[in-house]
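Here are my notes on the model you sent over.

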Amino acid sequence: MTAPLGATSEVGPLQTVLLHRPGAELRRLTPRNNDQLLFDGVPWVRRAQEEHDAFAAELTARGVEVLHLDRLLAEVLAVPAARDELVAAAVDDPRLGATLQRTAAAHLADLDPGDLAGTLIAGLAHDELPGGRGLAFEIMDRGDFVVPPLPNLLFTRDSSVWVGGQVAVTSLAMPARHRESTITAAVYAHHPRFTGAEQLYDASLEHLEGGDVLLLTPGVVAVGVGERTTPGGAERLARRVFARGLAHTVLVVPIAQQRATMHLDTIATMVDVDAFVMYPAVADSLAAWTVTSAQVPDDDDTTDLTVTGPAPFLEAAAAAMGIDRLRLIDTGLDPVTAEREQWDDGNNTLALAPRLAVAYERNTVTNAALEAAGIEVVRIAGSELGSGRGGPRCMSCPVSRAALPGSPGAGGP
Ligand SMILES: NC(=[NH2+])NCCC[C@H](N)C(=O)O
């Protein structure tokens, strides 16, 4: 029996999750390209894989079904339409010119599904393309990429997000991540596991990343806007969730446009039905605009919106959730520890159920605070994984979460 698809909260018992075990794409990182590829260092790949395997094992041990994105991808690449879409997307790059696009596409089209999946993720370097031709090919250096690698595919949170029983394939803001959503789009459209899943969003729309989307409680969604998700993306998502009856309130939360706070889930995640772990430096200033719709909404993109605010985030969230107050657990203790542990994704927890969350072991002060507040912490190592600036929440996309007691069912059919 597989669980119904979808999620309506951050903390409902996790049943199925989408992960990506990092592979050869991390071996592409060098001190020259790591900034552009959004890593803060050059990870030791073998150790990163061990850390990721241990993360997956903790989830499996607690009864969570783990789906692996590279395996789903290899399976959909047996479908001709999916193959054609993904090969075309891989060479759809103005750097290449028509001749190199054609020879690269021909090379990719000849690969078997497993090798093609591997190449779409790890990329294709100039010296790996035997029949390469064209002006761009002549001019490129040996190590340049014809198809760039996708080291951030590891952060499955960002390239898709389930809201209720529908899945939003997102529109990623950074060029290094654009192609990730061609992969999630193909998997959701063509893999039998997702047959019938309705798509809520797509990559052609305004920027929206899953790390900015928090399902506070059934019917209430928070969306961070900052370096990645734009106000336009938040507005589009609000209209769509209202039109489809997936939520009644969207809280739009501005966050600083900088790397340390690239997504809302880098400063706050939920660890219980009424509790956040949050970066104290922003706790007092974080604000939210409350978006609702007075109309009986029925159209995806034209519903009138009512916007009120800004109000302090915790007050606006509690009001939208229909509870008196939200509990707050601080990252760190003093400002320096807080800043260090925020940077190391101390806030970026993955709840497996109310009061049970996965966190990086290195954030010792935050984890102690979580335990003091009654949260059981499943600690994982992240010395190598963390160099991509993402923690347990970023590295996971919940595909099925059970409904919270007392709330309507989570997913769709
Ligand atoms: N949901 C998240 N916080 N994701 C973290 C993504 C990290 C990734 N290196 C990026 O810059 O995009």
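1. Some housekeeping. This is a predicted model, where local features need pLDDT of at least 70 and side-chain atom pairs count only at pLDDT 80 or more, while totals for chains, interfaces and linings use all residues. Numbering runs from 1 along each chain as its sequence is written.

2. Now the overall build. The protein chain has 13 helices and 19 strands, where helices (H or I, at least four residues) and strands (E, at least two) are DSSP runs numbered from the N terminus. Its radius of gyration is 21 Å, close to the 22 Å from the globule rule for 413 residues, so the chain is as compact as a globular protein of that length. That radius is taken over C-alpha atoms, and the rule is 2.2 Å times the number of residues to the power 0.38. Along the principal axes, the C-alpha atoms fill a box of roughly 65 × 50 × 40 Å.

3. How much of the chain is buried? Of the 413 residues, 52% count as buried. Buried here means 20 or more other C-beta atoms within 10 Å of the residue's own, exposed means 12 or fewer, and partly exposed is in between, with C-beta atoms placed from the backbone. Helix H8 (residues 180-190) is mostly covered, with 10 of its 11 residues buried. Among the buried ones are Glu180, Tyr188 and His190.

4. Contacts next: two residues touch if their C-beta atoms, placed from the backbone, lie within 7 Å. Among contacts between residues at least 6 apart in sequence, 71% join residues at least 24 apart. Ala24, in the loop between strand S1 (14-19) and helix H1 (45-61), touches Gly118 and Ala122, leaving aside residues up to four places away in sequence. Ala24 counts as partly exposed because it has 14 C-beta neighbours inside 10 Å.

5. Have a look at helix H3 (residues 80-91) and helix H4 (residues 97-109), whose axes come within 9 Å and cross at roughly 145°. Those axes are lines fitted to C-alpha atoms over the stretch in contact, with angles from 0 to 180 degrees between N-to-C directions. Val87, Ala90 and Val91 in H3 meet Gln101, Ala104, Ala105, Leu108 and Ala109 in H4. By class, that contact has 7 nonpolar residues, 1 polar and no charged.

6. Most residues other than glycine have a negative phi, and most peptide bonds are trans. Leu38, in the loop between S1 and H1, has a positive phi near 65°. Arg355 also has a positive phi, of about 65°, and lies in the loop between strand S16 (350-353) and strand S17 (356-360). A cis peptide bond joins Gly309 and Pro310, with omega about 5°; Pro310 sits in strand S14 (residues 306-312).

Terms used:
Ala, Val, Leu, Ile, Met, Phe, Trp, Tyr, Cys and Pro count as nonpolar, Asp, Glu, Lys and Arg as charged, and the others, Gly among them, as polar.
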